[in-house]
Amino acid sequence: MSKEDIVHEAIERLEWDERKQDDSPLKKLHQVTRRTALTGAAAGMAALALEACGSSSSSSSPSSTASAATSSSGSSAASIFGVTQSYKFTMVNHVTTNVFFTPTQSGAADACKLLGCSYQWTGSQTSNVSEMVNSINTAVTAGVNGIATSLIDPTAFNKPVQAALAAKIPVVAYNADEPTTGRLAYIGQDLLVSGQEMGAQIASLVPSGDVALFIATPGAANIQPRIDGALQTLKTHPSITTHVVATGAAVPAELTVINSYAVGHPNTKGLFAVDAGSTQGVAQTIQKLGLGKKGVKGGGYDLTPITEQLLAAGYIQFTIDQQPYLQGFFPILELYLYNASQGLTGPADVDTGLKFLNKTTVVPYSSTKSEYEGTSTTPGVQKA
């Protein structure tokens with residue numbers, strides 16, 4: 001089967017009918033690529049990685065430290081790409097224990113198993129930029145073969161990224177981007193546009209009245225553009241009054257802030273959020289306080305298991321999927337290809353998408369378990 005045939009087949013079978021197939025290498029192709037991400041440069045890179053898996057099949061699970069490849073898949077990749085060593089990569093994250101990034105770690109682990117490389121998951125638990133910078137500097141000192149990081153600050157990462165590039169260590173950004181750092185590529189959602197689209201969705205749900213917009217860490221480059229975009233759109237609706245509320249990086253604290261705000265502002269018509277933890281907190285608050293019966297609307301971003309369940313139950317009206325699995329898979333793939341080709345290819349911007357999910361369309365997510373959405377550590381999609 002040619003590369004073009006592989007990609008064509010994958011695009012047509014990305015959705016849930018794949019779970020009806022018997023276990024086979026072809027099924028593995030469908031599961032790894034996932035949904036609508038395979039367009040443009042992403043399709044070409046995915047086809048190469050899919051060929052690298054050969055006829056082997058292996059289980060994968062996220063790791064807080066490193067993921068190593070199986071010998072069969074590693075040897076297949078080595079023969080295809082002409083690689084004679086096992087590359088070591090570092091992924092620097094801003095909230096390493098946040099449940100949103102569980103599928104991101106699965107994606108990185110799967111890519112490593114396909115390609116015969118390994119990665120370390122490090123950074124900060126609380127969006128501490130200094131800790132992230134230290135992690136990048138440590139990776140440079142260790143001489144890793146590539147770094148993927150979420151660039152959440154407009155200036156703090158300039159020097160460490162440049163130091164890595166000067167040491168001939170490729171750097172790509174995922175989830176959050178600052179192009180001025182000189183990073184080689186960005187893998188993630190178009191954050192400003194997604195915020196603008198979210199604002200339009202809010203206006204359709206709450207034509208007038210007070211609306212609260214919750215954000216975990218104001219100013220962080222992974223979520224600030226979203227709230228900026230939402231505010232841009234909502235400013236064109238003068239009948240809507242917006243209130244921006246910071247919730248903090250820790251999920252339990254986010255819930256406390258949101259619950260307190262809702263209790264203290266009973267006339268609020270809508271509760272919306274621009275990050276995974278705050279979105280989950282919005283849904284839990286609306287459920288706990290019975291706000292849906294009072295006509296309060298809610299929504300936000302991402303697919304934590306709780307958000308999926310409460311959206312399916314109708315407590316909020318939407319959430320936005322940005323495919324976190326791909327934000328782990330593609331950075332490893334790009335860094336691998338950069339090394340294998342000695343810099344001739346690899347880095348490519350990949351938009352991981354903007355997909356609104358409602359009570360109906362979220363059902364396949366909430367009724368199944370998979371590593372792709374962080375509800376399982378085993379390959380494939382199983383019934384919940």
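Modeller: Here are a few labels and the values behind them.
This is a predicted model, where local features need pLDDT of at least 70, side-chain atom pairs count only at pLDDT 80 or more, and totals for chains, interfaces and linings use all residues. Residues are numbered from 1 along each chain as its sequence is written, and side-chain values use heavy atoms, with hydrogens and water left out.

Colleague: Fine. Why is R183 called buried?

Modeller: Buried means under 20% relative accessible area, exposed over 50%, and partly exposed in between, with a 1.4 Å probe and protein chains only. R183 has a relative accessible area of 13%, so R183 counts as buried. Across the chain, 54% of the 384 residues get that label.

Colleague: And what makes P207 exposed?

Modeller: The relative accessible area of P207 is 54%, so P207 falls in the exposed class.

Colleague: Where do R183 and P207 sit?

Modeller: Both are in loops: R183 between strand 5 (171-174) and strand 6 (186-188), P207 between helix 8 (191-205) and strand 7 (209-215). Those elements are DSSP runs numbered from the N terminus, helices being H or I with at least four residues and strands E with at least two. The chain has 14 helices and 15 strands.

Colleague: How do you know that the side chains of R183 and D177 make a polar contact?

Modeller: A polar contact needs a pair of N or O atoms within 3.5 Å; within protein, one must be able to donate a hydrogen and the other to accept it, and residues adjacent in sequence count only if both atoms are side-chain atoms. The R183 to D177 pair is at 2.6 Å.

Colleague: What does P207 contact beyond its neighbours within four places in sequence?

Modeller: S239 and I240, where contact means heavy atoms within 4.5 Å.
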